Structure formats: structure tokens, C-alpha cells
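Please keep the sequence and the structure in view while reading.

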Amino acid sequence: MMPEKTIVTSETSKSSPLNPSSTRIICHVCNKQFAQYTCPRCNFRYCSLPCYKSHSVQCTESFMRENVVDELRQVRSDEQTKTKMLEILKRFHSEEEEEEEDDDIMTDGEGSSSTLPEETIQKILAGDEISFDDLSLEERKGFQRALASGELSKMIEPWDPWWLSSSAQRISLGAQGKQLVQCVEEGEDDKGATFVSEIPRGPDAPLTSLSKLSSTKPSPLLPLHLVDVLYSYCFTLRIYNGDWQSDSLGSATMVLSVSSVLGQNAQPGTMKEVLSFCLEQTCSSAYKSLGGGLKFGLNLVDDVIHLLSLGNAALVCLLCDLQRLILGAIQEVKSSGRDLKKKLKLADRKVFFMMCWVNEQTPEVWQALESSVRAEKTSIVELNDYKGFQDVNEKGHTRKGGVVIEEIE
């Protein structure tokens with residue numbers, strides 16, 4: 001340790017206000033200012049933060065490292081997540097190895113290593129995050145290939161829709177549809193992991209009665225239009241894996257494209273018209289790469305049937321969540337998108353009116369509507385099963401006036 005430069009002064013020391021006459025030491029780093037602080041590790045005297053940072057790299061780095069380690073110790077790591085990440089990175093290594101072997105790319109007659117660096121493995125086991133910079137060149141190439149091919153999407157755990165959870169059957173709202181104060185429900189899934197119920201919050205204020213919204217009687221086609229809206233909501237949430245908040249504008253645009261009622265201001269008059277349009281959109285080339293298709297569409301019809309069986313409270317919460325989605329998109333629309341913003345505002349008004357209408361309906365309405373949707377789904381399935389036995393030249397012909405849903409390649 002370097003010898004200390006001291007100055008004896010009768011002036012009051014700023015660091016020792018109770019000692020009017022004291023020995024003061026010059027900063028060991030800059031040798032210009034009085035040293036007011038002492039490093040707790042090496043007892044080095046310094047005057048300011050810049051001097052502390054430059055006095056000893058070993059001291060400052062070890063201080064930061066200990067802080068980070070202490071913070072990580074408080075983070076609860078998930079064993080399943082760590083194991084899954086190890087498998088992902090090892091698979092990237094394996095794919096890189098296979099491609100290099102296929103291309104006969106060798107270095108000095110030896111293949112590249114198939115194991116992860118020890119440092120990377122230790123980070124994963126410690127529950128630390130792995131950044132792109134932590135990967136080797138081969139791992140980065142493998143990651144980028146998996147990202148471009150869509151392989152990474154298969155590693156994302158599928159989202160469990162909130163309307164299929166047990167807590168969806170116990171939703172309770174006030175008489176005017178207002179959200180009641182309730183405890184947050186927690187539970188465990190099949191793997192023992194704890195989860196928090198993700199039921200969308202209901203309206204924060206009492207819903208307006210239909211008599212105050214309009215002097216005319218609601219259209220008898222409103223139940224059919226509700227099915228159209230429910231389908232588009234389920235479609236969007238499943239495509240976005242339940243996270244519409246990550247892209248409100250994109251989610252709202254998808255809702256408008258699947259719903260003829262919200263997107264085209266259409267007035268479908270039969271259940272066949274409603275489901276035919278929704279399924280045709282689902283089977284279109286626009287959504288084929290996202291997992292769309294007839295099978296996916298029929299599963300969405302099952303979602304609609306299940307939602308109708310849950311009754312008023314669940315339907316109000318769904319429409320309230322859809323309204324938040326649309327309002328979030330309106331905030332994201334730029335000034336150049338005036339037409340889209342106008343369409344979103346109209347959709348917002350329709351969803352709110354539908355929410356108020358739903359809140360005043362009786363269980364018998366949902367039972368009848370559920371039966372109607374179920375019957376039409378059965379008809380569509382039978383019609384498309386029949387289509388499979390037809391000759392290729394008969395494509396486009398319908399049987400008994402029905403509509404055949406054809407998947408677009």
C-alpha cells in the first residue's frame with residue numbers, strides 16, 4: 001500500500017464535523033483532493049466515485065459480482081426451465097454437427113465439439129439468463145436457423161385458454177355487470193407448478209341498461225352476431241398464445257379480419273353464414289402458416305360452445321377484454337391510419353352494446369344458442385366428410401344447398 005500524504009489543518013473537516021482540528025489525508029488516486037472515503041476491501045483512501053472506480057479493478061469487479069450473486073440467490077429458479085434450456089442448446093449443437101457432417105466440413109480432420117461450454121452450463125444451472133453473446137458461433141447459427149424455420153415456436157408451451165379453466169365456471173359479477181372485489185385465485189397444474197388465475201377483469205363501472213342505450217328493440221340477429229365476435233376473439237387469443245397485450249394493434253386487426261360483424265359491418269342472418277365466413281377465414285392462406293385450417297377452426301367452434309355454456313358473467317368478461325384490446329389498438333394507430341382508427345372505434349361501440357345486451361339475457365338464451373352452434377358444427381363436419389368421397393372434378397359443388405369449407409394451400 002502506498003504511503004499516505006497527510007496535511008494537518010485547523011480548518012473544520014467536512015468528513016469530521018465534530019473534530020474541528022484533525023489530520024486530513026490526500027486522495028491516493030488523484031493526489032489533489034482530500035480523501036473522504038475508505039474502500040471497505042483494501043482500505044484505500046479516495047475522494048470521489050470516479051476515483052473509487054479507478055483505484056482497483058479487482059475491488060470494484062468483485063464488489064459488483066458479489067451484489068449480482070446475492071441477487072441471484074434470491075431468485076427462485078425453475079428446474080424444469082433450466083433442463084428445458086439445456087436440451088434446447090444441446091439440440092442446436094447436434095443440428096450444427098449433423099449439417100457439418102453432411103457438408104463434409106471438418107477442421108484438421110476433427111469434428112467440432114458436441115458439448116456446451118462449461119461456463120454456459122453453469123449459468124443455466126445457477127438460474128442465470130443466457131444472452132445471445134454467451135453462445136458460441138455454432139450455437140448462434142443454430143439458434144438463427146431455428147428462429148427462421150419456426151422450430152422455436154414448437155418449444156413455446158401452448159397457452160391454456162382461461163375459459164377452459166375451472167375458475168371460469170365460478171366467475172361472479174354484480175347485478176349491473178360490475179366487477180366484484182374478489183381474492184386472486186391460485187392453484188397447481190398437473191406438473192405441480194403454481195399458477196394464478198388469468199380470468200379477464202370485468203367492467204370497472206356498472207353497465208348501462210339497453211333502454212338507455214337505444215329506444216329501439218335490439219335486433220333478433222344479435223345472438224348470431226355474438227357468435228361471430230366470440231369466434232374472432234378465441235381465434236386471436238389462440239394465435240397470440242393468450243398474449244394480445246404484446247401487440248394490441250396486430251391483435252385487433254386480426255379480430256377485424258376474422259369477424260364479418262366487426263370488420264365488414266356485415267349482418268349475417270343465419271348460423272350457417274356466421275360459421276362459414278369464420279371458417280373460410282381460418283382456412284385461408286393468410287393464416288395457414290400460423291396454424292390455421294379446418295381442424296383448428298372446428299376447435300374454435302368448440303370454444304364458442306363452451307363459452308356459451310358458462311353464461312353471462314364469462315361472456316361479459318370476454319367482451320370487456322375484447323374492448324380493452326380494441327382500445328389498446330386505437331392508442332397505437334398513427335395519424336396515417338385514420339380509416340383503421342374509424343373502424344376500430346365503430347367496433348368498440350358494437351362490443352360495448354353487445355356487452356350490455358349480454359348482461360341482461362337469461363340462461364335460456366345461451367342454452368338455445370349453444371344448441372344452434374352445436375347443430376351447425378355437426379352439419380359442417382358431415383358435409384366436409386361427405387366431400388372427401390367426391391371426385392376431384394366435383395370440387396365446388398354443394399350438397400343439399402350446404403357450404404363446403406375448402407382449405408387453401
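A residue is called buried when its relative accessible area is under 20%, exposed when that area is over 50%, and partly exposed in between. The structure shown is a predicted model. The protein has 409 residues, of which 37% count as buried. Its secondary structure comes to 15 helices and 6 strands.

**Overall arrangement**

- Among contacts in the protein between residues at least 6 apart in sequence, 62% link residues at least 24 apart.

**Helix H12**

- Helix H12 covers residues 294-310 and has 17 residues. From its first C-alpha to its last, H12 reaches 25 Å, close to the 24 Å expected at 1.5 Å a residue.
- Because 12 of its 17 residues are buried, H12 is largely enclosed by the rest of the structure.
- The buried residues of H12 are Leu294, Phe296, Gly297, Leu298, Leu300, Val301, Asp303, Val304, Ile305, Leu307, Leu308 and Leu310.
- After H12 comes Gly311, which has a positive phi, near 90°.

- Leaving aside residues up to four places away in sequence, Ile305 touches Glu370, Val373 and Arg374.
- Ile305 and Leu230 are 75 residues apart in sequence, and their C-alpha atoms are 9.6 Å apart in space.

**The nonpolar cores**

- Which residues of the largest nonpolar core touch the most other members? Of its 70 residues, they are Trp162, Trp163, Leu226, Tyr231 and Leu319.
- Two or more residues of this core come from each of helix H7 (222-239), helix H8 (248-258), helix H10 (271-282), H12, helix H13 (312-332), helix H14 (338-359) and helix H15 (363-387).
- H13 supplies the largest share of this core, with 13 residues.
- When residues up to four places away in sequence are not counted, Leu319 touches Leu226, Val229, Val351, Met354, Met355 and Val358.
- There is also a second, separate core of 8 residues, which includes Cys39, Cys51, Tyr52 and Cys59.

- H13 has 21 residues and reaches 30 Å from its first C-alpha to its last, close to the 30 Å expected at 1.5 Å a residue.
- With 16 of its 21 residues buried, H13 is mostly covered.
- In H8, the buried residues are Ser248, Ser251, Ala252, Met254, Val255, Leu256 and Val258.
- The elements that cover the buried residues of H8 include H7, helix H9 (260-263), H10, helix H11 (285-288), H13 and H14.

**The second largest pocket**

- The second largest pocket holds about 440 Å³ of space. Its lining has 13 residues, and those closest to the centre of the pocket are Pro158, Arg238, Ile239, Asn241 and Leu290.
- By residue class, the lining of this pocket divides into 7 nonpolar, 4 polar and 2 charged residues.

**Selected loop residues**

- Most residues other than glycine have a negative phi.
- Asn31 is not a glycine, yet its phi is positive, near 55°. Asn31 is found in the loop between strand E2 (22-25) and strand E3 (37-38). The relative accessible area of Asn31 is 37%, so this residue is partly exposed.
- Asn43 likewise has a positive phi, of about 60°, although it is not a glycine. Asn43 lies in the loop between E3 and strand E4 (45-46). The relative accessibility of Asn43 is 48%, so it counts as partly exposed.
- Where does Arg201 lie? Arg201 is in the loop between strand E6 (194-196) and helix H6 (210-213). Because its relative accessibility is 41%, Arg201 counts as partly exposed.

Methods
Residues are numbered from 1 along each chain as its sequence is written. This is a predicted model: local features need pLDDT of at least 70, side-chain atom pairs count only at pLDDT 80 or more; totals for chains, interfaces and linings use all residues. Side-chain values use heavy atoms; hydrogens and water are left out. On a 1 Å grid over the protein atoms alone, a cavity is a set of points where a 1.4 Å probe fits but cannot get out, and a pocket is an open set with protein on both sides within 12 Å along at least five of seven lines; lining residues have an atom within 4 Å of a point. Grid points are joined across faces, edges and corners, and a volume is the space filled by probe spheres set on the points. Ala, Val, Leu, Ile, Met, Phe, Trp, Tyr, Cys and Pro count as nonpolar, Asp, Glu, Lys and Arg as charged, and the others, Gly among them, as polar. Helices (H or I, at least four residues) and strands (E, at least two) are DSSP runs, numbered from the N terminus. The expected span of a helix is 1.5 Å times one less than its number of residues. Buried means under 20% relative accessible area, exposed over 50%, partly exposed in between (1.4 Å probe, protein chains only). A nonpolar core is a set of buried Ala, Val, Leu, Ile, Met, Phe, Trp, Tyr and Cys residues joined through side-chain atoms within 4.5 Å. Contact means heavy atoms within 4.5 Å.
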